[in-house]
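I opened the model to look up a pocket and a sheet. My notes follow.

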Amino acid sequence: MSPAPKSSAPACCANPLLRPGHRQAWPLVLLYLCAGGALLALLQGAAGLSDGGAAVLVLGSSAAVLYLLLYRSGTPRGLAACRDYVHRLNLASAVFSAAREGIVVTDLEGRVEAVNPAFCQITGYGEAELQGFNLRLLKSGRQDGAFYRQLWRDLLESGHWQGEIWNRRKNGETYPQWLTISTVRDEAHQPVSYVGVFLDLSPIRRSEQKLLHLAHHDPLTDLPNRTLFLARLEHALSLSAREGGSGAVLFLDLDRFKDVNDSLGHPTGDRLLCAVAERLRPCLRESDTLARLGGDEFLLLLETAATPERAAVVAEKLLEQLAAPFRLDDRSEVYVGASIGICLYPADGDNATTLIQHADSALYQAKAAGRHTFRFYSEAQTRQADARLALEAALRRGLEKEEFLLYYQPQVDLRTASLEGVEALVRWSLPGGELVPPARFIPLAEETGLILPLGEWVLRQACRQMQQWVARGLPIRRVAVNLSSRQFRQADLLQRINAILAETGLAPRYLELEITESLLMDNSAQVDAKLEALEAMGIRLAIDDFGTGYSSLSYLKRFPLHTLKLDRSFIRDIADDPVSSNIVASIIELGQHLDMDILAEGVETDQQRGILLQNGCRTCQGYLFSHPLPAEELEARWLRAAAGHEARPCN
C-alpha cells in the first residue's frame with residue numbers, strides 16, 4: 001500500500017498495544033523503511049503504554065520490512081511486548097510474501113491496495129500495474145451479472161464468500177480459481193477492506209482433463225474407446241428419437257492384420273494400427289466419431305443425415321484409403337485391406353448394443369463376400385447402395401465418353417408467344433439410347449464433385465450452339481445456363497468463363513447465368529466481387545426458383561441481378577390456391593419496382609398464362625409452349641419460324 005499522509009498516520013496506524021487514555025510525554029521516533037531500505041518517514045509523537053513501556057506505531061507494506069527504533073525505552077515488559085509485536089509483524093509479512101496462493105487486499109470499492117508475489121505470478125500483472133485499479137480488470141466474462149450480485153450479497157451479509165470463479169490473466173488467458181473473500185473490520189467492527197485469497201485451479205483441471213481423456217480414449221491410437229463411443233451413440237439415438245433424425249454405425253475390421261502381427265511382431269502391428277487411425281481421420285467430418293473397439297476392430301458413428309447412400313460413400317472412401325500400402329519402417333511395404341459392416345438407425349435398431357451387433361453381422365457378410373468390401377445389415381439397402389455406386393461409376397464413364405446431350409427449352413413472350421431465349425438443360429443418354437432423368441444424376445454429380453466437369457461442358461456446349469445461331473442471324477436473344485454452387489465457388493471461375501467465351505466467340509450479352517438463392521446467402525466478399533465482375537463482363541444474372549429458398553429483399557437490392565425466375569410450385573397452384581396467386585402477384589410487382597425481368601417456370605395451361613398476363617408477367621417457359629428440345633428440333637420449330645415471322649407455340 002502507498003504510505004498514508006503524515007497528518008493521518010496516528011489515526012490509521014492504531015496498535016493493539018496502545019490503550020487510549022494512558023498518554024505520556026515520551027517521544028517516539030518511527031522509522032518506516034521500504035524493501036530497499038530508504039527512510040520514508042520520521043514521525044515523532046507522544047503516546048504510551050499503561051505500564052510505562054515504549055509507545056509503538058506501525059506503518060506496513062507488502063514489500064516493506066518494518067524496523068522500530070525506540071527513542072526512549074520503557075519497562076522490560078514493554079520492550080518484550082514491542083519485540084513480540086514486531087516479530088509477529090515480520091512473520092505476517094513473510095507469510096504474505098511466501099504464500100503460493102494469490103493474496104490481494106482491496107478497499108471497500110474493490111480497488112487494489114496490496115498484492116503478494118504469488119498474485120503477480122498467477123495473473124501476470126506487476127504490483128505497480130494493479131495499485132489503485134479495480135479488480136474488475138481481471139473479470140473473464142464467463143460469469144454473468146447475477147453471479148456477481150449473489151457474490152456481493154453473500155459477502156455483505158456474512159462477511160465472507162467462497163467458491164469457484166473464472167478470471168483473466170494479463171495475456172488474455174482465462175482460468176479457474178478457488179477464491180475466498182473475507183471482510184476486514186476495525187475496532188468498531190466496521191468494514192475497512194477486503195482480503196481475497198485464491199488458488200489457481202488450472203493445473204488441477206489439466207490433470208482432471210488428462211485423466212478423463214485417458215479414461216475415454218485408446219492409449220495406442222488416441223481414438224475414442226468403446227466407452228466414449230457408446231456414450232456418443234446413446235446420445236445420438238436420444239437425439240434421433242426426439243428430432244426424427246437418422247444415422248449409421250460402421251463396423252470396420254482389418255484384413256490380414258494377424259499375418260502382420262505374426263510375421264513382423266506386435267510392435268509393428270501397433271505402428272500399423274496408429275497409421276490406420278491417422279489415415280482414416282481425414283475422411284470424416286467433425287461430427288463423426290471413429291473409435292477403436294480393440295485389436296484390429298474399429299467403429300464409426302455417422303451422426304447426422306446418414307442415408308444408405310452416404311454411408312456407402314464413406315465406406316468406399318475408407319476402403320480406398322486402406323488399399324494403399326503402409327510403410328512403417330525401413331522394411332518392405334505392408335498391405336492390409338478392410339471389411340465393413342453397416343447398419344442404420346433407427347431402421348435397424350434403437351439401442352447401442354443392437355446396432356453394434358447388427359453392424360457386426362453385416363461385417364461378417366462383407367468378409368464372406370470376399371473381403372475388402374462392405375455390406376449393409378439389410379440386403380435391400382446393400383442393393384440400393386450398390387446401385388448408387390454403379391450410377392456414380394457410370395456417370396464418370398459418361399463424362400469420359402461424352403454421353404451427355406443438351407436440350408433447350410424455349411422462353412416465350414406470354415403476349416405474342418414469340419421466342420425470347422432458351423434454357424440449356426443437360427440430358428444423359430446411355431449407350432442403349434435410354435435417357436437418364438436429371439433428378440437421378442444431378443444430385444449425385446453435386447455430391448461427388450462431378451458437377452464441375454459436367455457444368456463446364458454444359459456451359460461450353462451452350463455457348464458454342466448459341467454462337468452458331470447468332471452467326472446465322474437467327475432471332476434469339478440469350479441462352480440461360482445453370483451455374484452450380486460448386487462451380488461458383490471455384491477461385492478461377494471468371495477466367496474459365498472468359499476462356500469459354502473466347503473459345504466459342506460468343507458475346508457475353510447473349511449469356512445468362514442462373515444461380516440459386518442459397519448461394520447469395522453466403523455474405524462473403526467473394527460473392528459480391530464475382531457477381532459484380534460477371535455483370536461488368538456483360539453477362540446477365542438470374543435467380544432460379546425464386547421464392548422456394550431464402551428469399552431476401554436485401555440481396556435483390558445488393559446484387560446486380562437481372563431476372564427472377566418464379567418457381568413452378570407457385571405456378572402449378574396459381575389458379576386454385578389464393579396464397580400462391582397472391583405470392584406470384586407480389587413477386588411480379590416487386591420485380592417491376594426493381595426494374596427486373598420476371599420469368600415464370602412450369603406454365604402448362606392457358607388459365608395459368610392468363611393469370612400471369614393479368615398480373616404483369618411477360619415471359620415464361622413450360623409445356624404449354626414446348627418441352628425441352630434438341631438443338632435441331634428447336635431450330636426447326638422456333639428459330640426458322642420466327643425468322644420467317646411464323647412464330648407459334650409448339651406442343
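I checked the lining of the second largest pocket: β14 gives the largest share, five residues. Strands (E, at least two residues) and helices (H or I, at least four) are DSSP runs, numbered from the N terminus. This is a predicted model: local features need pLDDT of at least 70, side-chain atom pairs count only at pLDDT 80 or more, and totals for chains, interfaces and linings use all residues. Residues are numbered from 1 along each chain as its sequence is written, and side-chain values use heavy atoms, with hydrogens and water left out.

I noted a volume of about 830 Å³ for this second largest pocket. A pocket is an open set of points on a 1 Å grid over the protein atoms alone, where a 1.4 Å probe fits, with protein on both sides within 12 Å along at least five of seven lines; lining residues have an atom within 4 Å of a point. Points are joined across faces, edges and corners, and the volume is the space filled by probe spheres set on them. Of the 31 lining residues, E423, L425, P438, N482 and D544 are closest to the centre. Elements giving two or more residues include α13 (438–448) and β18 (540–546).

Next I turned to the sheet. Five strands form an open sheet in the order β4-β3-β7-β6-β5, with antiparallel pairing; a pair needs at least two DSSP bridges. I found β4 (112–115) and β5 (160–168) at the edges, each pairing on one side only. Strands β3 (102–106) and β7 (191–200) pair over five bridges. One partner I looked up: G102 bridges to F198 in β7.
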